Amino acid sequence: TYYTIKDKDKRWTNLLEGHELYCSGHMMEAAVAYYEATGKERFLKIMCKFADLICDTFGEDKIRGYGGHEIAELALVKLYDATGEKKYLDEVYRQVVGYYERMFMKDQSIYSHIFFPQENFANRVPWGRGNGWVLLALSEVLLLMPENYKGRERILEVFREFSKGVLNCRDEKEGIWHQVINNHDSYVETSGSAMFITALARGVKNGWIDDCSDVLIKAWEAL
């Protein structure tokens, strides 16, 4: 709303702090939920127009921006599920892969919290809740993305690799994960842990990852 009404010339110029994709994701999820609960399409159509704008604005030959937190990706796949519009899936794939290429710490198989585009580097601080959003969103994408979608296998590979890193970061003594997941001197963090448990449980249930039910039960009890 801010960039629509006030600083229109600054739209999409600072995704790191402007949170335009992040906030749009929450609104898309709300629109889908309202549509599913009431059958009314007005809010859904509004957010479809905004999703169309995102698809028209971002891409390899357009703005190569990524919102972070995977909120927009999680919402776009739900919007696809509600409408059947394939370009929303394509934008999900673009953002998932772009986010992975810029933020994924391959030596630990977890995500940095921030990428600085001007300096072209990530801060290598793996925020617990941020990583939780990513894994939860990837699981949501895999649940709703058709089996025959051309990019599905790539997303499944990311989910599997990331899951291994998340499991390696769990504090066995505490039972769950920390605010900075590779730093056990930081405090234990419940919301990120809840997202990890949910996403990993989905992975086990659907056969995407090896069975780690014993770990997840301990984590759930600790939570």
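Reply: Here is a short tour, topic by topic. Keep in mind that this is a predicted model.

Me: Pockets, then. How much space lies in the largest pocket?

Reply: About 590 Å³.

Me: How many residues line the largest pocket, and which lie nearest its centre?

Reply: The lining has 24 residues. Nearest the centre are Leu-15, Leu-16, Tyr-66, Phe-115 and Pro-117.

Me: Which elements supply at least two residues of that lining?

Reply: Three do: α2 (15-18), α6 (86-103) and β3 (115-116).

Me: And which gives the most?

Reply: That is α6, with four residues.

Me: How does the lining of the largest pocket split by class?

Reply: There are 11 nonpolar residues, 10 polar ones and three charged ones.

Me: Now the second largest pocket. How much space is there?

Reply: About 380 Å³. Its lining has 14 residues. Thr-1, Thr-4, Glu-20, Ser-24 and Phe-50 lie nearest the centre.

Me: Which elements give two or more residues to that lining?

Reply: α1 (2-5), α3 (20-38) and α4 (42-57). Of these, α3 gives the most, with four residues.

Me: What classes do the residues of this second lining fall into?

Reply: Seven are nonpolar, five are polar and two are charged.

Me: What about Cys-169? How far away is the nearest cysteine sulfur?

Reply: It is 14 Å away, and it belongs to Cys-212. A disulfide needs the two sulfur atoms within 2.5 Å, so Cys-169 is in no disulfide. Cys-212 is in no disulfide either, as its nearest cysteine sulfur is that of Cys-169.

Me: Is Cys-169 buried or exposed?

Reply: Buried, with a relative accessible area of 9%. Cys-212 is buried as well, at 8%.

Me: Let's move to charges. How many salt bridges does the structure hold?

Reply: It holds 11. One of them joins Lys-45 and Glu-41. Their closest N and O atoms are 3.6 Å apart.

Me: Is Lys-45 buried or exposed?

Reply: Lys-45 is exposed, with a relative accessible area of 51%. The cut-off for exposed is over 50%, so Lys-45 passes.

Me: Give me another one. Which residue forms a salt bridge with Lys-86?

Reply: Asp-90 does. The closest N and O atoms are 3.1 Å apart.

Me: Where do Lys-86 and Asp-90 lie?

Reply: Both are in helix α6. They are four residues apart, which is about one turn of the helix. Lys-86 is partly exposed, with a relative accessible area of 42%. Asp-90 is partly exposed too, at 27%.

Me: What about Arg-152? Which side chain does it meet in a salt bridge?

Reply: The side chain of Glu-147, at 3.4 Å from N to O. The two partners sit in opposite classes. Arg-152 counts as buried, at 8% relative accessibility. Glu-147 counts as exposed, at 65%.

Me: Last topic, rings. How many aromatic pairs are there?

Reply: The count comes to 12. Tyr-2 and Tyr-3 form one of them, an edge-to-face pair. The centres are 5.2 Å apart, and the planes are at 90 degrees. Tyr-2 is partly exposed, with a relative accessible area of 43%. Tyr-3 counts as buried, at 19%.

Me: And the rings of Trp-12 and Phe-50? How far apart are their centres?

Reply: 6.0 Å. Their planes are at 55 degrees, so the pair is tilted.

Me: What does that pair tie together?

Reply: Parts that are 38 residues apart in sequence, because Trp-12 lies in the loop between α1 and α2 and Phe-50 lies in helix α4. Trp-12 counts as buried, at 11% relative accessibility. Phe-50 is partly exposed, at 23%.

Me: Which residues form one aromatic cluster?

Reply: Tyr-99, Tyr-100, Phe-104, Tyr-111 and Phe-162.

Terms used. Residues are numbered from 1 along each chain as its sequence is written. This is a predicted model: local features need pLDDT of at least 70, side-chain atom pairs count only at pLDDT 80 or more; totals for chains, interfaces and linings use all residues. Side-chain values use heavy atoms; hydrogens and water are left out. On a 1 Å grid over the protein atoms alone, a cavity is a set of points where a 1.4 Å probe fits but cannot get out, and a pocket is an open set with protein on both sides within 12 Å along at least five of seven lines; lining residues have an atom within 4 Å of a point. Grid points are joined across faces, edges and corners, and a volume is the space filled by probe spheres set on the points. Ala, Val, Leu, Ile, Met, Phe, Trp, Tyr, Cys and Pro count as nonpolar, Asp, Glu, Lys and Arg as charged, and the others, Gly among them, as polar. Buried means under 20% relative accessible area, exposed over 50%, partly exposed in between (1.4 Å probe, protein chains only). A salt bridge is a side-chain nitrogen of Lys or Arg within 4 Å of a carboxyl oxygen of Asp or Glu. Rings of Phe, Tyr and Trp (its six-membered ring) pair if their centres lie within 6.5 Å; planes under 30 degrees apart count as stacked, over 60 as edge-to-face and the rest as tilted.
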